[in-house]
Amino acid sequence: MDAHEILKKAQDLQAAKQAAKQAAIGPLAELLATRIRLQSEFTETEVPYGKAYAVAAAAGWSPAELTEIGATEPTPRSRTRRSKSGVKAAAATDPDMEIPAQTPVNA
């Protein structure tokens, strides 16, 4: 067996492996695309669901009654507070940032 034949055999092996990888990724790619789409659709329902749940609760439905029909409490939305100073906001995003010491007003 000469070098050309060895290289050809190596290329054939690599091509077979690549074809197997391509065949295996197809079903995963389809399911991944479906998951991403469904997660996006689910996320879009979060705010209206929370509002509808609050309306039902305000109308007299107890959390136990809502749970009984399959309604779970909505996920609380995270609230971000804006600081009056951009330094605090910057420090929150950059843990290595040093905040200069402040002198008391009545010093």
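How many helices and strands are there in the chain?

1. There are three helices and zero strands, and along the sequence they give the pattern α-α-α. Helices (H or I, at least four residues) and strands (E, at least two) are DSSP runs, numbered from the N terminus.

2. This is a predicted model, in which local features need pLDDT of at least 70 and side-chain atom pairs count only at pLDDT 80 or more, while totals for chains, interfaces and linings use all residues. Numbering starts from 1 along each chain as its sequence is written, and side-chain values use heavy atoms, with hydrogens and water left out.

3. Helix α1 covers residues 3-58; its 56 residues should span 82 Å at 1.5 Å a residue, and its end C-alpha atoms are 81 Å apart, which agrees. The expected span is 1.5 Å times one less than the number of residues.

4. A kink of about 35° lies in α1 at glutamate 46, shortly before proline 48. The bend at a residue is the angle between axes fitted to the seven residues ending there and the seven starting there. After α1 comes glycine 60, with a positive phi near 115°.

5. Of the 107 residues in the chain, 6% are buried (under 20% relative accessible area, with a 1.4 Å probe and protein chains only). In α1, Gly50, Tyr53 and Ala56 are buried. The buried residues of α1 pack against α2 (63-68), where contact means heavy atoms within 4.5 Å.

6. The lining of the largest pocket includes Glu46, Gly50 and Arg77. By class, the lining residues are three nonpolar, two polar and three charged; Ala, Val, Leu, Ile, Met, Phe, Trp, Tyr, Cys and Pro count as nonpolar, Asp, Glu, Lys and Arg as charged, and the others, Gly among them, as polar. Lining residues have an atom within 4 Å of a point of the pocket, which is an open set on a 1 Å grid over the protein atoms alone where a 1.4 Å probe fits, with protein on both sides within 12 Å along at least five of seven lines.

Notes
Buried means under 20% relative accessible area, exposed over 50%, partly exposed in between (1.4 Å probe, protein chains only).
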